[in-house]
Amino acid sequence: MENVVLKIVNLNAYYGEQRVLKDINLEIYENRVTTILGPSGCGKTTLIRCINRLHELSPKARIEGQVILKNEDLYQIEPMLARQKIGMVFQKPNPFPTMTIYDNVIAGYILSGIKLSKDEKDRIVEESLIKSGLWNEVKDNLFKKGVFLSGGQQQRLCIARALAMKPEILLLDEPTSALDPVATSVIEELIIELKKSVTIILVTHNISQAGRVSDYTAFFYLGELIEFGKTTEMFTVPKNKKTEEYLIGKIG
Amino acid sequence: MKKDNIKKRVFNDKLYRTFVSLFSFLSIIPLFLIVYFVLIRGIKYINLKFIFSMPKPMGEVGGGIFNAIIGSFIIVGISALISIPIGILVGVFLSEYKEKKYVEIIKILVDTLQGIPSIVIGIIAYLWIVKPLRHFSALSGSIALSFIMLPLVIKATEEILNLIPVEIKEAAYALGAPYHRIVLKILLPSASVGILTGILIGISRIMGETAPLLFTAFGNQFLNLNILKPMSTIPYLIYVYATSPYIEWHNQAFAASTILIIIVLSINLFGRFVEKKWKM
Amino acid sequence: MRKDRAFKIILLLLGLLIIILLSGIFLSLVFSSIPSIKEFGINFLFSKTWSPVNNKFGALPFIIGTLLTATLSLLISIPFSLSISIFLSEILKNKFISKIFQTFVELIAGIPSVIVGLWGLFILAPVIRNIQTKIGVQPIGVGIFTASIILSIMIIPYSASIGKEVISMVPNEVKEGAISLGATEFETLKIVTLPFSFKGIFAGFLLSFGRAFGETMAVTMVIGNANRVPVSIFSPGQTMASLIANEFTEATTKLYTSSLIQIGLILFVISMLINILGRLIIRRFTF
């Protein structure tokens with residue numbers, strides 16, 4: 001039984017005159033990992049930046065359509081509220097350089113001006129770091145600057161920072177593209193672990209990564225959604241010829 | 001191609017290196033000459049009495065520059081209070097809205113403000129503050145100096161903010177933070193070291209300014225703490241003493257210059273040190 | 001989000017403040033110059049007479065004095081500042097030493113103008129006086145020549161640092177192209193690097209000329225303060241800035257003050273034009 005948590009309806013995104021996403025309709029299932037797959041320039045990053053309304057920060061950007069999270073159109077509420085409901089992790093680890101590890105985890109609360117008691121803060125920091133698998137490595141250094149961690153640790157700190165806001169959806173934008181193979185496999189295991197508690201949308205152009213961690217895959221090509229389905233099915237018997245060509249390495 | 005040509009080319013290359021190195025070293029010699037001669041003539045008149053006592057009447061031996069030291073710190077302090085917050089926020093504005101056309105114009109205006117001769121800044125402070133109030137005042141001097149410091153703070157802030165990776169800002173947006181908190185809690189703390197350097201360089205600059213004070217803060221033989229009255233400063237005192245006909249005052253001008261050089265160069269060097277030490 | 005709105009409005013207003021400030025400065029200067037403009041018209045720029053007693057004011061001696069000192073100081077400074085630019089970007093390969101050397105150069109610009117003036121008046125002027133005695137010129141010590149030397153010391157750091165920036169911006173591949181063809185470093189500099197960065201270096205000279213143009217205290221102390229057209233580079237003279245510094249507080253009549261402010265207006269307009277032109281060249285160069 002799959003439960004739809006996020007619905008993208010007739011989404012079109014523009015950058016200047018250029019239409020970068022064309023009539024996208026997509027449903028995301030609760031507590032599953034959905035991969036957005038495709039060659040670079042296919043609009044996959046734009047798609048997730050439309051989900052948490054980061055796309056509109058660029059002055060030339062324009063968006064049409066709906067992004068519905070549990071019966072609520074994210075484009076009808078304050079962008080900040082929408083962003084709090086959707087967590088995001090970026091390609092390159094980007095902990096806030098002036099903040100300690102501790103403050104980085106609760107940065108979302110600090111930035112939104114939400115006052116927390118010391119106990120609440122401690123609890124959120126510990127919970128989030130445990131979830132992101134970083135607690136044991138940093139628990140004695142919580143008040144050191146986050147930028148002194150290794151790349152993989154920084155990325156897990158960014159995951160903890162996103163999880164701390166208790167988002168409905170966690171967006172991962174090629175989260176391992178700046179990491180070494182060991183750090184990558186740690187993050188991949190973490191993704192599988194995390195889907196128990198949060199719905200995950202993963203952007204990647206790494207086909208084998210999509211195969212390893214995701215339940216569903218949406219294949220994008222030149223701004224269009226070409227095919228959507230269970231990852232295992234799509235990777236064995238792709239329905240569309242473009243998907244097949246991409247999977248065997250002919251395009252991309 | 002002739003074979004002996006190569007010798008001449010290598011010789012020319014050596015000649016060029018020698019010439020360029022020589023002229024480069026010659027150009028920093030004035031720094032040492034100025035500092036050396038000012039210190040050598042000034043340092044023997046400096047003692048606690050010189051620093052902590054008031055000037056004697058014209059031509060009399062002895063006396064100090066306490067009023068000018070206090071005056072310099074008050075006037076510079078007030079102009080720092082004016083120009084730091086405004087300068088930082090304008091710097092934020094220029095860096096955050098950099099894709100807008102009108103921001104390009106404001107940037108050129110900031111450059112223009114920086115290029116206005118300091119004596120003209122003095123005229124402006126005279127017209128805007130001294131004339132309406134009908135008398136010279138420390139406040140008008142502070143305002144004049146803040147016009148000079150303002151563009152320095154603006155540009156330091158803008159330049160350092162432009163260096164902050166866009167990912168850091170996006171991460172803050174993605175957490176749902178409102179804009180003003182992103183600026184105050186993420187961008188400005190990340191830029192703080194660079195801004196501090198800009199502020200320190202700016203303070204060291206206005207600490208030594210004289211021209212804008214000639215007809216604004218003017219000078220005062222007595223210790224004055226009222227910012228609506230004329231106030232003495234170290235550079236103004238140096239100018240008046242140096243151009244006076246009294247040898248005693250000439251010596252005191254050198255002594256005051258020694259103190260000013262030490263203050264100005266240490267703030268300046270500290271600013272550079274801060275930048276090196278804590279740069280991210 | 002009301003706070004966000006308010007914050008953005010504050011930023012915008014402060015940006016506007018800069019526009020208001022600059023236009024305010026310009027308008028105030030123009031407004032206060034009106035009595036003098038009305039009285040003397042365009043002749044203000046060409047009249048040699050500056051006579052407060054007769055209420056007759058002409059700016060020619062000071063315009064010539066300013067142009068003369070600024071040009072002379074620029075000419076003196078060029079071999080030095082250009083050398084520093086090349087020395088820092090092309091010859092000194094050691095970054096640490098280069099940084100220290102650059103700090104020394106920048107510290108020259110950090111010395112307060114009044115102290116440079118003090119040094120010029122009591123240390124340099126006597127030396128110049130000795131030279132003048134030897135070559136048979138009236139030994140005054142202070143004057144246009146002394147002021148130009150002092151100015152050149154003060155403006156070297158500006159054109160040197162701009163020159164260093166633009167020379168460093170010449171792409172390495174371009175230089176290596178010349179080196180790989182067998183050119184010496186001097187030839188590479190002459191044929192590739194300098195032509196490539198010429199506009200930027202020129203802008204640096206222009207901006208330091210602007211500095212020399214408006215510099216006040218040091219010049220006031222060593223130029224000799226003579227309100228007449230200088231007859232030689234050794235004669236005492238007066239620049240526009242030094243005239244204002246010397247006479248503004250003594251100006252008793254409205255016309256006298258207004259004439260001094262009009263000279264301030266000329267200084268403002270010219271330095272503004274030089275600055276905008278210089279910055280535009282540099283900006284175009286960097287993109």
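Two residues are in contact here if their C-beta atoms, placed from the backbone, lie within 7 Å. With that in hand, start with chain C: among its contacts with a separation of 6 or more, residues 24 or more positions apart account for 73%.

Before going further, a word on the model. It is predicted, so local features need pLDDT of at least 70 and side-chain atom pairs count only at pLDDT 80 or more, while totals for chains, interfaces and linings use all residues. Residues are numbered from 1 along each chain as its sequence is written, and chains are lettered from A and ligands numbered from 1 in the order in which they are written.

Back to chain C. You'll find ten helices and two strands in it, where helices (H or I, at least four residues) and strands (E, at least two) are DSSP runs numbered from the N terminus. Along the sequence they come as α-β-β-α-α-α-α-α-α-α-α-α. Along the principal axes, the C-alpha atoms of chain C fill a box of roughly 75 × 70 × 30 Å. Of its 287 residues, 48% count as buried, meaning that 20 or more other C-beta atoms lie within 10 Å of a residue's own; with 12 or fewer a residue is exposed, and in between it is partly exposed.

Now look at the inside. A nonpolar core is a set of buried Ala, Val, Leu, Ile, Met, Phe, Trp, Tyr and Cys residues joined through C-beta atoms within 7 Å. The largest one has 243 residues, and those with the most contacts inside it are B:Ile238, C:Ile115 and C:Ile150. Take C:Ile150: setting aside neighbours within four places in sequence, it touches C:Val116, C:Gly120, C:Leu124, C:Ala218, C:Val219 and C:Val222.

How do chains B and C meet? The contact takes 63 residues from each of them, chain C and chain B. On the side of chain C, the largest share, 14 residues, comes from helix α1 (residues 2–40). That side divides into 43 nonpolar, 15 polar and five charged residues; Ala, Val, Leu, Ile, Met, Phe, Trp, Tyr, Cys and Pro count as nonpolar, Asp, Glu, Lys and Arg as charged, and the others, Gly among them, as polar.

Helix α1 (residues 5–42) of chain B packs against helix α2 (residues 60–91) of chain C at an angle of about 115°, with the axes 8 Å apart. Angles of 65 to 115 degrees count as roughly perpendicular, so α1(B) is roughly perpendicular to α2(C). Residues meeting here include B:Phe23 and B:Leu26 in α1(B) and C:Phe80 and C:Ile84 in α2(C).

Chain A touches chain B too, through 22 residues from chain A and 19 residues from chain B. The largest share of chain A's side, five residues, comes from α4(A). By type, that side has 13 nonpolar, seven polar and two charged residues.

Elsewhere in chain A, helix α1 (residues 44–51) is mostly covered, with eight of its eight residues buried. Just after α1(A), A:Arg53 takes a positive phi of about 60°. A:Asp23, in strand β2 (residues 18–29) of chain A, has a positive phi of about 45° although it is not a glycine. A:Asp23 counts as partly exposed because it has 14 C-beta neighbours inside 10 Å. A:Asn31 sits in the loop between β2 and β3 (33–37) of chain A and has a positive phi of about 55°, again without being a glycine.

Terms used
Axes are lines fitted to C-alpha atoms, for helices over the stretch in contact, and angles run from 0 to 180 degrees between N-to-C directions. Angles under 35 degrees count as roughly parallel, over 145 as roughly antiparallel, 65 to 115 as roughly perpendicular and the rest as oblique.
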